[in-house]
Amino acid sequence: MSAATFNWRAISRFESPGAGAVGYELGVIAQAQLADFFLHVAHLMAYAARQGIARQRRGSAGNSMVTYLLGITPVDPLAHGLLFRTLPQR
């Protein structure tokens with residue numbers, strides 16, 4: 001994943017306090033080899049939204065900067081003080 005992957009949500013976040021969070025999250029996602037999974041989820045959530053299908057976000061990454069920037073969640077974690085810590089161990 002790269003900055004070009006992220007949508008219109010807030011590319012300026014890469015130049016704000018969120019930049020550190022994004023870098024950390026991307027490192028955790030890469031280490032767990034889940035980048036493709038996050039992109040697939042983003043595509044599925046976008047499809048569901050276009051079809052009017054209700055969506056629910058849950059889990060350890062549910063309110064992370066990466067999921068926000070990919071459009072998976074509408075919740076801005078910086079605005080609400082939410083912290084992404086880690087993904088579950090495999």
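1. Residues are numbered from 1 along each chain as its sequence is written, and side-chain values use heavy atoms, with hydrogens and water left out. Because this is a predicted model, local features need pLDDT of at least 70 and side-chain atom pairs count only at pLDDT 80 or more, whereas totals for chains, interfaces and linings use all residues.

2. The protein has four helices and zero strands, where helices (H or I, at least four residues) and strands (E, at least two) are DSSP runs numbered from the N terminus, and the pattern along the sequence reads α-α-α-α. Of its 90 residues, 32% count as buried, that is, under 20% relative accessible area, with exposed meaning over 50% and partly exposed in between (1.4 Å probe, protein chains only).

3. Among contacts (heavy atoms within 4.5 Å) between residues at least 6 apart in sequence, 65% join residues at least 24 apart.

4. T67 belongs to helix α3, residues 65-69, and counts as buried because its relative accessibility is 3%. Leaving aside residues up to four places away in sequence, T67 touches F38, A61, G62, I72 and T73.

5. A46, in helix α2 (residues 35-51), counts as partly exposed at 33% relative accessibility. Between A46 and I72, the C-alpha to C-alpha distance is 7.6 Å, with 26 residues separating them in sequence.

6. Q33 sits in the loop between α1 (18-31) and α2 and, at 66% relative accessibility, counts as exposed. The phi of Q33 is near 55°, a positive value in a residue other than glycine; most residues other than glycine have a negative phi.
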